[in-house]
Amino acid sequence: MQAMITGVRARRTKWHVAVPTLIAAIALSLGITLWSWAAGAINPSPTDGSKAMDPGGAAIGATWAFRPASLRELADSSSIAVFAQVTDVQSGPPLEDLSGEDLGEPDEQGPPTQRIAFDVDEQLFGSAPTDLVVFKTGSDEAWIDGDPPYSIGQSYLLFLDQANFEPAAWVPPAPDGRLVLENGELRPMIAGPPGTALSGLTQGEAADLIRGLAN
Amino acid sequence: MHCPRTTIRALGLVALAAAVAALALGAATVTTAEAHPCCNGSLQWWHLHTFSYRFWNAVDSPTLNAETNDARADWRDSTILGLPNLSSHNKPRIHVSDNNFGNTGWVGQAWPCFHCAHQAGSYGHVYLNKYYSQTANQWQGTACQEIGHIIGLDHHSGDCMGLSYFPDTSNRVGQHSADDINNYYPHPPDGSPPHVRVGLSADKESPFYDLAGDAQP
């Protein structure tokens, strides 16, 4: 009888410990799994510091023709550098129309393009007009990794060249040639040496740095 | 005597809990570190039920055409996917062409044709911009990356998928990309049921058959 009572007590003691422990284990496992899943869902791409910094949504995969190794190289590859504010975003003809060639599918229109209108606020080097239009591949729904949509009213630091396929338009020579001015500080759209050099600078600080390079 | 045994069992359960937690953490970490599906995991271009993409190389420039063929062969030989070559415009699932698009900033681009009705959404077009001058190997790298986008990969370091985004790259398909493709197609990262490839030929150039027995192409 004593043995039976002791056995019952032992079993009670075991379940008293086991149940909360198991619940804790399951909760811990679920918590870690959910945390990891959430982290992956928020940022599923590698974060080694060289990945594009725009939020998700890029649907056009692309290889850039040029990525400058320094701010100076970016400046040397650009005709003008300006601080400018977006005044309008317009859809342009799709790429197929631009090229003038049948690119294949009878109902294929090719990737979308946009024309971004700017008022120039400050010219840093080169001969920039007071207002200009920038060519962009993509749309508000689909864009190239590192080149997210522009927002009307937003100010940017732009390094630009004239487009050789559309006389009135300008293009950044590299995705590094576009930084957004947010809360008084510059933020690059894509990670790289120019972005590192300019990130966090005010408009005045960046202007001094860039004018210094040009001189 | 009973208390120590209970304590040992409790400690065992704690150890089990720790092991389960460690396994969960490890599995989640591996998933996060190795997963690079394109376009936020939308799998928008993936042709999962055949593992096969009919490939039309319509590039005019002889050099770019040859490098596009090399890139196609690289993906075919490095992965479980088939990329059977088409000699004409017969409903390709990957279509590569070249043109002088001007100084747009990009040297290559992969674009899914959302509104090509007869292609049912599983069609991607690679554009090579021959305005820019590159070496033959660089053109192979560009074609390699754009084909990689269409078969489902995002940018990542170590091989052609990192070109113009990461410092450590190559112009070829790397083990990382091959592993991603070879893992994703049988086990899609969106959680959809596992897929099985059937009807393969050894050279992966002959027609493939999907699970319903339909020839592809």
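Contact means heavy atoms within 4.5 Å. By that criterion, and leaving aside neighbours within four places in sequence, Asp74(B) is in contact with Gln140(B), Arg172(B) and Val173(B). The model is predicted: local features need pLDDT of at least 70 and side-chain atom pairs count only at pLDDT 80 or more, whereas totals for chains, interfaces and linings use all residues. Residues are numbered from 1 along each chain as its sequence is written, chains are lettered from A and ligands numbered from 1 in the order in which they are written, and side-chain values use heavy atoms, with hydrogens and water left out.

**Chain A overall**

- Chain A holds 5 helices and 8 strands; helices (H or I, at least four residues) and strands (E, at least two) are DSSP runs, numbered from the N terminus.
- The order of these elements from the N terminus is α-β-α-β-α-β-β-β-β-β-β-α-α.
- Of the 215 residues of chain A, 47% are buried, where buried means under 20% relative accessible area, exposed over 50%, and partly exposed in between (1.4 Å probe, protein chains only).
- Chain A exposes about 10,100 Å², of which carbon and sulfur atoms supply 57%; accessible areas come from the Shrake-Rupley method with a 1.4 Å probe, and for residues only the protein chains shown count as cover.
- Among contacts in chain A between residues at least 6 apart in sequence, 64% join residues at least 24 apart.

**Aromatic rings**

- Over all chains there are 8 aromatic pairs; rings of Phe, Tyr and Trp (its six-membered ring) pair if their centres lie within 6.5 Å, with planes under 30 degrees apart counted as stacked, over 60 as edge-to-face and the rest as tilted.
- One of these is the edge-to-face pair of Phe135(A) and Phe165(A), with 4.8 Å centre to centre and 80° between the planes.
- Phe135(A) lies in strand β4 (residues 131-137) of chain A and Phe165(A) in the loop between β5 (155-162) and β6 (169-171), so the pair ties together parts that are 30 residues apart in sequence.
- Phe135(A) is buried at 3% relative accessibility, while Phe165(A) is partly exposed at 22%.
- In chain B, Phe101(B) and Trp106(B) form a tilted pair, 5.3 Å centre to centre with 45° between the planes, and both residues are buried.
- Phe118(A), Tyr150(A) and Tyr156(A) are linked into a cluster by ring pairs.
- The charged end of Arg178(A) sits over the ring of Tyr150(A), 3.6 Å from its centre; the criterion is NZ of Lys or CZ of Arg within 6 Å of the ring centre and within 35 degrees of the ring normal.

**Helices**

- Asp74(B) is placed in helix α3 (residues 62-78) of chain B and is buried at 7% relative accessibility.
- In α5(A), Gln203(A), Ala206(A), Ala207(A), Ile210(A) and Leu213(A) are buried.
- These residues cover an arc of only 125° around the axis, which puts them on the same side of α5(A); the arc is that of the directions from the helix axis to the C-beta atoms.

**Positive phi**

- Most residues other than glycine have a negative phi.
- Asn183(A) has a positive phi, near 50°; this residue is in the loop between β7 (178-182) and β8 (185-188) of chain A and is exposed at 81% relative accessibility.
- Ser164(B) has a positive phi, near 70°; this residue lies in the loop between α4 (136-150) and α5 (175-184) of chain B and is buried at 16% relative accessibility.
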